[in-house]
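Good morning, and thank you for making time for this presentation.

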Amino acid sequence: MKILVCISKTPDTTAKIAFTDNNTKFDAAGVQWIINPNDEYYGLVRAVELKEADPSATIHLINVGGADADAIIRKALALGGDEAIRINTESADSFGIATQIAQVARENNYDLIFLGKETIDYNGSSVGGMVAELLDLPYISLATKFELAGTTATVTREIEGGEEVCTVSLPVVISCTKGMAEQRIPNMRGIMAARTKPLKVVEPVAADTLTQVAAFSLPPAKAGVKLVDADNVQELVRLLHEEAKVI
Amino acid sequence: MSVLIFIDINDEGSVKKTSFEVLTYGAKLARQLGVPAEGVVLAPVKEDLPALGKYGVQKIYQVQHEALAHFDAQVYTSAIAQVAEKTGATVLVFSNNTDGKALAPRLSARLKAGLVSGAVALPDTGDAFTVKKSVFSGKAFADIKITTPIKIITLNPNSFSIEVGEGTAETASVEVTLDAPKVKILNVNRQSSEVPLAEAELVVSGGRGMKGPENWGILEDLAKALNAALACSRPVADAHWRPHNEHVGQTGGAIAPNLYLAVGISGAIQHLAGVNRSKVIVVVNKDPEAPFFKAADYGIVGDLFEVVPKLTEAVKQLKG
């Protein structure tokens, strides 16, 4: 079984969000980069668990990005995975990323493609569905559980106000969310092994650009909290009813 | 040229609330562009479709096919693509809900149509076609220009007010050719009595300050009095005090209710990422230094075990 896990590089969850170049680019100055948590905690860790259950499985990691992504790719390799592929291009939009991933997937015939439910920077939740469509594969989004018996997967996915359990034959593309697996911390052996695992750098194929960022903006600052005394909760209810008009 | 709005139906045959939002949004966009607003329904539906005209949609295409009995992103994508091609749709509108997140990207790739997911406002359709969306987990916005002839937008739930007017929609059936779905549904587990969290206008949420799952009764009472949905912070879901689907935050669900009432949650930046699009945030915490107060509109510094029952009583009094 061959598993492909897609890894995005995102700013740390606590990074200060600011923009440069007349608000058209993210200000990366001083930003700590991490593996997109949805890719790492859910997609990657679940793939590693599947390989632990079936050591004949191979895991490839894929990232679309420049050489500055190598550090987070090594971190991902420390958690697991046999080798990594970096498509050497700064993607213009999600369709560009999906086109590159689909090209590698076509060449390698993966049984399973895992991604996080979304990146925490662009919140697009788009690449998984695009890859599935480009490969003409089924796509199960927002998966919270994934079990495999032979070539049949049983997957639980989120729906509004509940969940749905379904089965599908491999190959399949899965976007992963909370519940799939638990966050792991790489151990020293993993970190040492990651240094020598192959990280192939592949040049991109031509890809269409369907969208472009015109400008970023920050939400208006909050006016500040209005505190109500703990002995006077009726006042809070009055404010919510008469001032905020939400109840 | 038309705006085609995906009308999402739940497994019980009812139109989802998020569909009323996208119908309103799509109809306004169609008026802005001077083209017809049309809807498409794929799943079996129990409701009266012509009545959806009151949200501004003029025509609804209905596709009836055995392959559409249950949601499958691949088959649904094929059906919508065929309807879009037959009807000459130039803008496709979805909710950014669970089904929209599965369908819109597939259609984007299939139709080579630029996608903006998580839109929070109507597009600017002057010189270009630019859509404002939420990015960096609610900490910023981006105006995204779609540069393709066909455009796709998914609208964030609870970010556009539903408007009801007069009108009846014409209905028409469309024939499509579909393969059998590759995904088979085994079962659906739904807490049917409760408001789905992503669609809820009011949300009551509990954190570690609740001290244990046995104490959730007071939050349930408050949620019931308000007719609110329940949510929780990540430590609460990780400790299995509450189910994962109630977890909101960076790695849980992202919500944008009218009221987010956080009880015993300190307000770590990862939690705020899931809730900072809420219109009004109320924080109840015994620690006056809790970072959540900086992001809140209203707050009470106090013992939640005393404050919450009093709040429930005050809400009940208000509602009489």
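I start with a pair in chain B: B:Glu21 and B:Lys17 form a salt bridge, with the closest N and O atoms 3.7 Å apart. By salt bridge I mean a side-chain nitrogen of Lys or Arg within 4 Å of a carboxyl oxygen of Asp or Glu. Both residues belong to helix H1 (residues 17-33) of chain B, where they sit four residues apart, about one turn of the helix. In general, an α-helix has 3.6 residues a turn, so residues three or four places apart point the same way. B:Glu21 counts as buried, at 3% relative accessibility; buried means under 20% relative accessible area, exposed over 50%, and partly exposed in between, with a 1.4 Å probe and protein chains only. Helices (H or I, at least four residues) and strands (E, at least two) are DSSP runs, numbered from the N terminus.

A word on conventions. This is a predicted model, in which local features need pLDDT of at least 70 and side-chain atom pairs count only at pLDDT 80 or more, while totals for chains, interfaces and linings use all residues. Residues are numbered from 1 along each chain as its sequence is written, chains are lettered from A and ligands numbered from 1 in the order in which they are written, and side-chain values use heavy atoms, leaving out hydrogens and water.

A second salt bridge in chain B joins B:Lys59 and B:Glu170, at 3.9 Å from N to O. This pair links distant parts of the chain, 111 residues apart: B:Lys59 is in strand S3, and B:Glu170 is in strand S9 (residues 170-173). B:Lys59 is partly exposed at 21%, and B:Glu170 is partly exposed at 47%. Salt bridges that share partners also join A:Arg157, A:Glu160, A:Glu164, B:Asp8, B:Lys16 and B:Asp99 into one network. A:Arg157 is buried at 4%, and A:Glu164 is buried at 8%. Over all chains, the search finds 31 salt bridges.

How many of these salt bridges lie across the interface of chain A and chain B? The rule finds seven. One of them pairs A:Glu133 with B:Arg110, the closest N and O atoms being 3.0 Å apart. The contact, defined as heavy atoms within 4.5 Å, takes 80 residues from chain A and 87 residues from chain B. The area buried between the chains is about 7,100 Å², with 59% from carbon and sulfur atoms; buried area is the accessible area (1.4 Å probe) that two parts lose on being put together, summed over both. A:Glu133, A:Glu160 and A:Lys178 supply 11% of the area that chain A buries against chain B, more than any other three residues.

Let me turn to B:Leu68, in the loop between strand S3 (59-62) and helix H2 (73-87) of chain B. Its relative accessible area is 0%, hence buried. Among the residues that B:Leu68 touches are B:Leu42, B:Pro44, B:Tyr76 and B:Leu178.

Finally, the cysteines. The structure holds zero disulfides over all chains, a disulfide being a pair of cysteine sulfur atoms within 2.5 Å. The sulfur of A:Cys6 is 9.5 Å from the closest cysteine sulfur, in A:Cys176, and so too far for a bond. A:Cys6 is buried at 6%.
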